[in-house]
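Open the model in your viewer and keep the sequence panel beside it. The tour goes stop by stop.

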Amino acid sequence: PQSHRPCPRREACAVSRFPHREGLGPTPHSTEVSAPQFVGGPCANGSRRSRGSQRSKCTRVSRDASCIDRTTMSSHDLAPGKTGGKEEEELLPALFWDGTEDWINEDNCADYAALQSLKYDDTTPLERAEEYKLKGNDALKYKQNKLYVRKAVQQYTLALIESFDDDVLRAVIHGNRAHAALLLGNFGKALEDAKACVKLDATNVKGLFRAAKSAYGLHKLDECAGFCDAGLRLEPTNNEFRVIIKNVKKQIEVDAKKEKRLAFARVATKEAVSTFADRKLKLGPHVMGTGEHFPEIVTHSDGKYPANVFFWVLFVYPESMQTDVIEIFHEHATIGSQADTMFGPGSPALEWDSAKSYTREKVEFYYQSNASAVYPPNVLFYKLMQKHGEEPDDGETQRPEWTAPKPDQRDQKMIKVDETKTIGEVLAKDGNVIPGHPIFYVVVRDTEFREKFLQATKTTQKAVSVAALQA
């Protein structure tokens with residue numbers, strides 16, 4: 001008799017009679033048929049597994065594999081590009097297997113098969129294969145619980161290890177194991193078994209269907225269409241193959257549009273990198289919470305005029321902790337002309353400047369040299385590709401592994417801006433790294449705060465230099 005006491009390891013126990021987590025099987029109060037006890041229940045002799053045996057397991061149960069129903073086809077079920085499955089883990093000796101192993105195949109199941117064969121000394125290999133197949137089919141009746149699906153994989157593998165000459169039966173078993181792999185979301189293993197199935201029996205429609213479904217999941221669209229065509233030749237009215245072909249055609253159109261966008265983004269990005277290099281612009285990671293606003297490049301369609309560069313510029317008022325943003329700052333405009341617009345006669349008053357200190361004659365502009373590290377060319381290319389809204393995952397551009405080095409504070413100085421220079425000329429100066437976007441600090445000359453602001457920078461540089469010498 002089984003007592004339904006709460007499992008003492010509610011969240012960790014994967015072998016309790018009634019799984020506690022949602023989606024792992026029927027509960028004591030469910031109207032569903034109770035699952036067999038060879039997985040997730042008491043041992044065959046009626047004794048419950050001890051805690052110690054649970055701790056000895058080196059495999060873990062994957063609870064996030066998607067469950068795919070063979071009879072239901074939709075664009076959601078057929079989301080391409082999901083490789084599925086997880087890296088196989090090292091298994092315990094076969095004597096300790098309990099059906100929770102991530103994947104069992106002919107290569108790692110030999111010892112377990114030898115142990116199982118002791119039960120069937122008086123049967124033929126063909127009879128044993130049939131028996132294992134039936135057990136696998138029984139386990140798949142409870143496919144909502146991944147433990148049972150793994151048990152089915154184990155039984156089908158034991159069947160395939162047996163030496164028998166019935167190719168049709170062997171094809172069926174490969175097809176069933178492909179179905180189990182699909183339920184586990186392992187499209188790679190599913191495709192291997194489905195191919196083995198149709199190789200042994202080219203008329204196995206289920207094998208072709210599972211091969212098509214697996215190939216679609218791996219984004220092998222041409223291969224998927226081939227399996228569908230073969231299936232329709234056998235069953236011209238089979239609507240499931242037609243649904244897959246319809247999704248394949250849609251995905252091909254989506255891929256073509258994406259490739260067109262990627263091609264445009266690559267050309268535009270290469271031109272942008274070249275333009276920045278010609279103008280001696282150095283771009284780096286942002287240092288404020290305003291993110292990255294890379295310069296915009298505007299070209300003329302007729303090609304008669306050179307490209308123009310526009311900047312997203314942040315003006316910071318450190319004394320009052322206020323900011324202004326100029327979203328379109330032409331590269332040939334001077335800082336002085338922008339100051340006339342911001343602080344000259346007739347310009348809007350600053351609401352927070354009650355003392356009217358920020359006038360055209362009194363303001364000064366500074367930038368911090370070496371504010372951030374400079375992006376390497378490959379990192380900058382990747383960042384600009386993302387700016388176009390495209391993730392360069394096509395193999396041509398890989399995600400770069402780069403960590404921005406911390407700038408040396410001894411190289412960071414407040415540099416006064418020459419207001420007669422264009423912003424392009426100011427940003428091209430040595431040591432002026434654009435940290436996500438240009439940043440200029442606005443202070444009022446001949447004030448106590450200005451002196452403290454500039455002195456703080458010098459004090460920091462001196463402290464860092466002394467510490468370096470002491471080290």
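Select Cys228 to begin. Cys228 is buried, at a relative accessible area of 0%. Keep in mind that this is a predicted model.

**Stop 1**

For Cys224, the nearest cysteine sulfur belongs to Cys228, 4.3 Å away. Look back from Cys228: its nearest cysteine sulfur is that of Cys224, at 4.3 Å. A disulfide is a covalent bond between the sulfur atoms of two cysteines.

**Stop 2: helix α9**

Now select residues 239-278. This is helix α9, with 40 residues. How far apart are its end C-alpha atoms? They are 59 Å apart. At 1.5 Å a residue the helix should span 58 Å, so the two values agree.

Go to the N-terminal end of α9 and show the side chain of Asn238. Asn238 caps this end. One of its side-chain oxygens is 2.9 Å from the backbone nitrogen of Glu240.

Then jump past the other end.

**Stop 3**

Most residues other than glycine have a negative phi. Two loop residues are next.

Select Lys356. It lies in the loop between α10 (335-343) and β5 (363-368). Its phi is positive, about 55°, although Lys356 is not a glycine. Buried or exposed? Lys356 has a relative accessible area of 52%, so it counts as exposed.

Move on to Asn370. This residue is in the loop between β5 and α11 (377-387). Its phi is positive as well, near 50°, and Asn370 is not a glycine. With a relative accessible area of 25%, Asn370 is partly exposed.

**Stop 4: a buried glutamate**

Finish at Glu162. It is placed in the loop between α4 (146-161) and α5 (167-183). Glu162 has a relative accessible area of 10%; the cut-off for buried is under 20%, so Glu162 is buried.

Which residues does Glu162 touch, leaving out those up to four places away in sequence? Show Pro125, Arg128, Ala129, Tyr132 and Arg170: these are its contacts.

Key
Residues are numbered from 1 along each chain as its sequence is written. This is a predicted model: local features need pLDDT of at least 70, side-chain atom pairs count only at pLDDT 80 or more; totals for chains, interfaces and linings use all residues. Side-chain values use heavy atoms; hydrogens and water are left out. Helices (H or I, at least four residues) and strands (E, at least two) are DSSP runs, numbered from the N terminus. Buried means under 20% relative accessible area, exposed over 50%, partly exposed in between (1.4 Å probe, protein chains only). Contact means heavy atoms within 4.5 Å. A disulfide is a pair of cysteine sulfur atoms within 2.5 Å. The expected span of a helix is 1.5 Å times one less than its number of residues. A polar contact is a pair of N or O atoms within 3.5 Å; within protein, one must be able to donate a hydrogen and the other to accept it, and residues adjacent in sequence count only if both atoms are side-chain atoms.
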